Amino acid sequence: APQPPRPAAVRQRPARLLTMGCCFSGPNPAGSGDAMYQNMTQDYMEFKAGVVAAKAHDFEKAIKHYENAIVYNKKNPNYFYNLANAIQEAMNLHTGEEAGDEMAEAEHTAREEEALGRAQKMYMEVIKLDPNHHAAWYNLGYVQEELQLFDSAIKSFTEALKLEPNDKDAIINLGNTYMNSEKFDESIVQYKKAIELDSACVMSHYNLASAYHSIFDIKSAMKYFQSAIEIQSDYADAHFNLGICYQDEGAKLKESSKDKKTMMEFYEQALKHYKEALKLESEMDEAREAIELLMAEMAEANGK
């Protein structure tokens with residue numbers, strides 16, 4: 001049977017554009033008197049121009065202005081934070097634009113990794129200046145997870161949660177990072193915490209089900225794929241994965257040659273959810289293939 005798709009990751013938290021550029025939360029810049037005031041004015045003007053450019057979705061221009069602000073003042077964490085945001089937003093605008101030959105895709109991937117690496121450095125600069133900057137810890141974890149630096153991402157999300165223990169997005173992303181590290185028991189703990197905070201969060205139920213499926217606890221996986229569907233009935237991946245669970249349960253009975261009637265009931269349920277997944281997402285080739293293979297297996301079991 002097809003394997004469940006990778007758990008859907010929480011989307012990156014939108015950039016929080018900071019407009020109070022002259023309110024320094026880090027150490028004051030060196031200098032005094034008119035020179036210090038001029039220095040603050042120049043960095044503030046560059047920062048303000050960066051905010052305006054970012055709001056207009058001109059992220060390349062915003063990057064230049066934030067970089068200029070940092071030249072004038074390297075002690076304001078807000079400048080590094082917004083620069084990191086702009087780097088990520090600029091990267092996201094270009095994601096998927098360069099489909100084609102393998103070389104072009106490899107170059108695009110390399111540029112994405114370079115952008116993520118640069119954003120990671122900027123978030124680290126924020127944290128050096130302000131160790132209690134929750135959003136920087138969160139976004140740092142997100143970037144590190146994208147770079148597959150899973151141990152570092154786990155640390156960053158954990159630090160974010162020390163500052164805001166009820167941050168549901170951080171909890172889910174921590175769970176996702178544990179999943180990608182194949183630390184399934186730890187991921188289950190995090191997804192359950194997320195459900196306790198918000199029982200209507202479909203992603204928490206779906207990812208918890210995927211974690212249970214990864215440790216072959218099929219009944220628990222079925223429970224949470226079903227609850228994800230109850231929350232969001234048009235969730236194609238949840239229907240598809242619930243179909244896999246039913247097929248897994250039927251296959252157990254086939255292997256033991258016991259209770260053919262129950263086996264066929266499991267297969268019927270699997271077929272039902274595969275068909276629903278394909279209905280909801282007509283280009284889901286995995287569902288189409290699963291239907292064909294399962295129908296052939298059911299026909300064979302019925303002696304047809």
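Colleague: Which residues does Tyr274 touch, not counting residues up to four places away in sequence?

Modeller: Bear in mind that this is a predicted model. Leaving out residues up to four places away in sequence, the list for Tyr274 is Phe240, Gly243, Ile244, Gln247, Ala287, Ala290, Ile291 and Leu294.

Colleague: And which members of the largest nonpolar core touch the most other members?

Modeller: That core has 87 residues, and Tyr274 is one of those with the most contacts to other members. Phe240, which Tyr274 touches, is also in that group.

Colleague: On to the helices: are α3 and α5 roughly parallel or roughly antiparallel?

Modeller: Helix α3 covers residues 77-94 and helix α5 residues 134-146, and their axes lie 11 Å apart. The angle between the two is about 30°. Angles under 35 degrees count as roughly parallel, so α3 and α5 are roughly parallel.

Colleague: How many residues of the contact of α3 with α5 are charged?

Modeller: From α3, the contact takes in Tyr81, Asn85 and Gln88; from α5, Ala135, Ala136, Asn139, Tyr142 and Val143. They split into 5 nonpolar and 3 polar, and the number of charged ones is none.

Colleague: Last one: is Ser204 buried or exposed?

Modeller: Ser204 sits in helix α9, residues 202-214. Beyond four places in sequence, Ser204 touches Ile172, Tyr191, Ala194 and Ile195. Its relative accessible area is 0% and the cut-off is under 20%, so Ser204 is buried.

Note on methods:
Residues numbered from 1 in each chain as written. Predicted model: local features only at pLDDT ≥ 70, side-chain atom pairs only at ≥ 80, totals over all residues. Heavy atoms only, no water. Core = buried A, V, L, I, M, F, W, Y, C linked by side-chain atoms within 4.5 Å. Buried < 20%, exposed > 50% of the residue type's maximum accessible area, 1.4 Å probe, protein only. Contact = heavy atoms within 4.5 Å. Axes fitted to C-alpha atoms, helices over the stretch in contact; angles between N-to-C directions. Helix = DSSP H or I, 4+ residues; strand = E, 2+ residues; numbered from the N terminus. Parallel < 35°, antiparallel > 145°, perpendicular 65-115°, else oblique. Nonpolar A, V, L, I, M, F, W, Y, C, P; charged D, E, K, R; others polar.
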